[in-house]
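Hi everyone, thanks for making time this morning. I'd like to walk you through one structure, going from the inside of a chain out to its neighbours. Please have the viewer open and follow along.

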Amino acid sequence: MSTIRRYHAAAWDEAIVFELGAPGRRGVVPPASWAPPSTEPSFAPGLRRESPPALPELAEYEVRRHYTHLAQQTLGMMGVSLFGTCTMKHNPTVNEQVGARHEIAEVHPRQDPSTYQGVLGIVHSFEAELCNLSGMSAFSFQPGGGADAAYLHAVITRAYHASRGELAQRTQVVTTAQAHPCNPAAAVSAGFEVITLPIEEGGYPSVAALKAVIGPKTAALMLNNPDDMGIYNPHITEFIDAVHDVGGLAFYDNANFNGVMTRLRARELGFDACMFMLHKTFGAPKGGNGPSVGAYGCSEELARFLPGPRVVKNGEAYELVEPDGSVGRVREFLGNVPQVIKAYSWTRAMGTEGLRTAADISVLANNYMEKRLMAIRGVSMSLPGKALPRLEMTRYSLEEYRVETGLTGGDVQNRMTDFGIDAFWMSHEPWIVPEPFTPEAGEMWSKEDLDEWIDVLEHVLEEGRRDPELVRTSPHNQAVAQIDGSGLNDPETWAVTWAAYRRKHAQV
Amino acid sequence: MTVSVGVLVNPIAGFGGTLAMHGTDELPAARFDEAVEANWAGHRMTLALDSFLRTGGEAEFVAVQGLLGATQLAAAGIHHRTLGSPPAIRRTTRADTIDAARRLLAEGVEVLLFAGGDGTATDIAEAIGTRMPVIGVPSGVKMHSEVFSRSPVGAGRLLADVILGRASSELAEVLDVGEGGFSGVVGMLLAPRSHEALQGAKTTTVGSGSSAARGIARELVAHSDNAVTWVIGPGTTAGAVGEELGFEPTLLGVDVVHPSGLVELDVDENHLFDVVSAAGHPQLVLGVVGGQGFLLGRGNQQLSTRVIDSIGVDRIHIVATAEKVSALFPPVLLLDVDTPSSLVGYRKVRTGSRNSTVMRVVDAAAQFESAQR
Amino acid sequence: MTGSAHPYMANSAAGSMQALLDVVGVSSAEELFAQIPAAHRGDSNIVPSAGIRSEQQLRRMLEDRLRGGISTESHVSFLGGGYWKHYVPALCDEIASRPEISTSVWGTPSSDHGRNQAWFEFASQLGALLDLEFVGLPVYSWGCAVGHAVRMAARMNGRSVVVVPSNLDRERRLVVDTYCGYSELNGAVTVREVAVDAATGMISLDALAAAVTDEVAAVYIETPNSWGVVEADIARMIELTHDSGAQAIVGVDPIALGSLASPADFGADILVGSIQPLGIHLNAGGGVGGFIATRDEEVYARQFPTLQVSIAPTTREGEHAFGLTLFAQSSYGSRELGNDWTGNSVYLWAVRAAVYLALLGPQGMHELADTVVANARRTAELIDELDGVSVRYRDSIFKEFIVDFSATGKSVEQINAGLLARGVLGGHDLTGSHDGLDGCALYCVTEVISEDDVHHLLGALAEVIAA
């Protein structure tokens, strides 16, 4: 094993912003009004605030120092983070700078489209590039993330069946146990019932299981492929055909696109719609949890249901239109436009060959990790021997290690952060293997980074065998110690605001 | 605040496994001392208590004198309070386990931790029923009952969650070989489930367990009419339909609700066949038994092939909580029946009011043969 | 990959790639795609394009496409409509640009502690402004916040109608309609409009009383409303709502709450609104972000579809960390059994808003609100003085107001074209949006509009109208 990095996070023992500053201090001072003083009462009686809001009062430098400390107490991707299912990518700084230009950042969405043709042109070009990569006919960037794109699909499914007079009959959406939880959740939110196909012995659901539950009630199929275990369902086209045969739509959650970029096109597989996450696969930063974009692509037949506004090219001009059968909106305006522009930039920088290389590397690096991880005592993989070689992810289990030491994946995860390795992703619900963990190598991280990640895991597992308490009570080198989560779901103790905390924990 | 925790150890549990004896229920008297000497269950209990003590909850352990707990705790150096005088006989029996559980309950302990297997769980269910939460430290040979934690360490952590108020209790099915030699649901215990919600950590889902069962029941009953003759199979998930229909199901047997509202509890096969044959609209609610996914042939032999065929496959609602079905891999439900059943094939399984899954129903014998290949 | 490595991919260097291939034991990555049937492959159908590995060339390509674009920086803008230009303090940009924050993904309560604290401070400071103690992390937008809040109310009381004002901004209304669903399916909510009194620009109390029947799950009101008018009788509206057992959902502009009392003080149950004015750029529409807040009561908390972080102790004496609370009721925790659905949203905007509110503080928010309303009312007054132009409800507006150009004989479209040629982005055209609004535009004036800007507008308007 190579040398393990000596690491310690910044630990400022930083107070809550309300504990900082002093009465009367000012951070940013707004301009006074230029209007002549008025003698009239401004608002109807009783509408004015009686006392100022209980906000903190800090000098500007105090605010800067405080939030800089908070940034320093955040690992983000500044160590090694192989957070599976999220496809950690390089987020080039140049895109941040371009995105901050006034021609993007200061554009009001209600400006006449003629005034920001550059922005609309890039959005249009990127739509064309995603059509090229997916075979779809049109894309909407309005959904605010992958889950929102799944919701948009459920909404478009409603509109599609309603337009054929069949909505009252088509109340069921079929998904799989390995589809992201947002798929069934979005379907139910749109009013559908959900039927979840289980993973069978081969590592994926069977066509027979699907056929047992589809029929005149079927509205849509929503699934991913490959799934989060890196397993590709080779019968996917039969799934789609079967759903089409009974009159349903097929939606491809392309969350796991990284390993199959330039090799698979959703439309050619037969899907009616698909979704790409620009904040994952296409190089836009995640920002902790957005702003993100779930780019929703669909066939020519479904394009008329897309939400407005859509960017279309008319001669040399880019215009905004509302499709004639539009579902309206899932969100106001055009979408997270700066993220679309960053994704466009990233895609142009990569080029088709770069995208292919990225897919190659992400699959190769995953198989490299698998070789090394499977040599570690206590680590096993989901469905061993099945569906090999895995694509860009493999799901592993620490169950053997837990039986041996009593330590859980959560314990190991916490201890790994003591070496600057950020949390791994365990698994979405439901857990098919116990104590799961799902690293995703992606194309950005170097071989040395992957080795460091694996070395740290191995080191932590050994530590746990020698001294389980060290691992169980970790982290020890992080910004703060292990959280005591016992009160998080108790209404007497939870406090999502400082005011609630002060009220419930008055003695502190 | 200190919580009083009852500790109960079946001193010979787990010993049978090494002898391929399928449990210690019929352990030869001559080998009793050997089993006590092995102290498998005592060791597992110690692991669980160590795990609990590391998390540092406030608890007082209470055990009955002798081999049913106090001896093992003393040997492991774990501080505890002892109840009563040593049992008169050296070799403990089922009756001693039942007696010990009742004494702990009478003493006012708030939660019971026991080390044993399905047999021990059965005895405790008989002794105290659902009058206090019970955590099983897995220490037996057969552990299909829903009361067992995944490991001794897990049991210790769950105890800590109970004491910290991070757990709520649900009915748990106790499975064992019951009267007549068939295995099935033989009793009920109250089992705590913890709610841990750290960032990125496994969480207990909402709408699972008993609330999912209620949701399924409401949906089924709401979409039925007064002409239905309901046949309610054993288990809590199917039983929820009985509750929705306004009666207390036996949970261990098959109950019938006639269109007239007449309820018949725990009916036998002959009568059941007569009932469903005569019924215009029979509907069977069938739960999944235990951790192995048995649908028929485990504690519900009343639901014979002729009864199933008479009801008709389209009128059979298979119900199970998502927790139970997601623990089954491969996703297969088993039938242990003598004659071929029309239930074989992919069947929809309701897991909630608005959600369901699909599972392959197979003949257990055929499944076994294919596994052998 | 031919030639040299790509800067975004460390292992595209030939030696690194080969080292991986050697360990895996394949000669090419292609061998690792064996799971995918050949018939599924679409490689040959992709039209290839070359990559741009030079950052300089890439930047140039993008800048060439963007250059010359008009924005609210190059022109004076009076555009609004629930989406407003306020000053973005420099520090908001600096903190949000820090790579630890901008690249963070999920982490643990320890490893991403600072970001979690910033989220907690977002909820806490916004809560202070709203006078509410339970604030979820942001949802996609204001309209989405309304939609979720309506669904929360419907789940709570099992009713199926929501009452909304007839003048609700079209963008938000379309989102609400989507969230309310189709009657053929489960859980649908019917949207019922309540009339706005054309004389006052406020919801008619009589109409509201008639609309709020016992099927009504919730009443959604905005103040200031979509025509910029501050509802005078908000307390009475909430009372009417509660009288029929419905939930009172109120949409607010956080900037206005610097000097206006929070509707929570009048009994509003769920407050929603936009976080965009709190330090977030317009971003061509990509700055939307919404919030949902309630009293800290379990019955409400259990209905939130959002994630939220709670302060909690750590194993070290006297130390805090921030962990997800009620995670299990999200779709992450419970798939389709969760409350609606949860996914990536706009949490980086929460960090911006936290910095913004810490910078402004109580005095700043108060002064800002006063400046905004004074600037807006003065501008309204001056526009109203123009021949053929009138401003509606100008004594009860906050920062937006309706300008009626119908007497000029020119359409808003014509006027805006003329203004654009004179360096002004005129107000949002309301023609066709509601009865009686043909020839009207919604103008927005905030602290960023100077007296010179207004005189520029007045001069341009006079010319355009006369032309």
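Let me begin with a term: when I speak of domains, their bounds come from an automatic or database domain assignment. One more thing before we look around: this is a predicted model.

On that assignment, chain A splits into domain 1, residues 95-348, and domain 2, residues 356-487. Taken over C-alpha atoms, the centres of domain 1 and domain 2 of chain A are 30 Å apart. How many residues are in contact between them? There are 22 from domain 1 of chain A and 24 from domain 2 of chain A.

The area buried between domain 1 and domain 2 of chain A is about 1900 Å², with 56% of that given by carbon and sulfur atoms. On the domain 1 side, please find Asp228(A), Met229(A) and Asn258(A): these lose the most area to domain 2 of chain A, and together they make up 29% of what that side buries.

Now for charges and polar atoms at this domain boundary. Between domain 1 and domain 2 of chain A the count is one salt bridge. Arg263(A) and Asp360(A) also meet through their side chains in a salt bridge, at 2.8 Å from N to O. Seven residue pairs are in polar contact between domain 1 and domain 2 of chain A, counting pairs with both residues at pLDDT 80 or more. The side of domain 1 of chain A that touches domain 2 of chain A has 10 nonpolar, nine polar and three charged residues.

Let's step out to the chains, starting with A and C. How much area is buried between chain A and chain C? The figure is about 17400 Å², and carbon and sulfur atoms give 61% of it. Of the area that chain A buries against chain C, Trp34(A), Arg110(A) and Asn289(A) supply 5%, which is more than any other three residues. In residue terms, 208 residues of chain A are in contact with 203 residues of chain C.

For those of you who like ionic pairs, there are 15 salt bridges between chain A and chain C. Which element of chain A gives the largest share of the side that touches chain C? Helix 11 of chain A, residues 337-373, does, with 24 residues. By class, the side of chain A that touches chain C has 110 nonpolar, 60 polar and 38 charged residues.

Another pair is worth a stop. Arg26(A) and Glu367(C) meet in a salt bridge through their side chains, at 2.9 Å, N to O. Arg26(A) sits in the segment before helix 1 (60-72) of chain A, while Glu367(C) is in helix 12 (residues 347-384) of chain C, so this pair joins two chains. Over all chains, the structure holds 77 salt bridges.

Next, chain B against chain A. Here 28 residues from chain B and 36 residues from chain A take part in the contact. The buried area between chain B and chain A is about 2700 Å², and carbon and sulfur atoms give 54% of it. The count of salt bridges between chain B and chain A is four. Look for Arg360(B) and Glu201(A), which meet in a salt bridge at 3.0 Å, N to O. There are also 10 residue pairs in polar contact between chain B and chain A, both residues at pLDDT 80 or more. On the side of chain B that touches chain A, helix 7 (152-163), strand 15 (345-350) and strand 16 (355-363) of chain B are the elements giving two or more residues. Strand 16 of chain B gives the most, with five residues.

Thanks, and I'm happy to take questions.

Key:
Residues numbered from 1 in each chain as written. Chains lettered and ligands numbered in written order. Predicted model: local features only at pLDDT ≥ 70, side-chain atom pairs only at ≥ 80, totals over all residues. Heavy atoms only, no water. Contact = heavy atoms within 4.5 Å. Buried area = accessible area lost by both parts, 1.4 Å probe. Polar contact = N/O pair within 3.5 Å; in protein donor to acceptor, adjacent residues only side chain to side chain. Nonpolar A, V, L, I, M, F, W, Y, C, P; charged D, E, K, R; others polar. Helix = DSSP H or I, 4+ residues; strand = E, 2+ residues; numbered from the N terminus.
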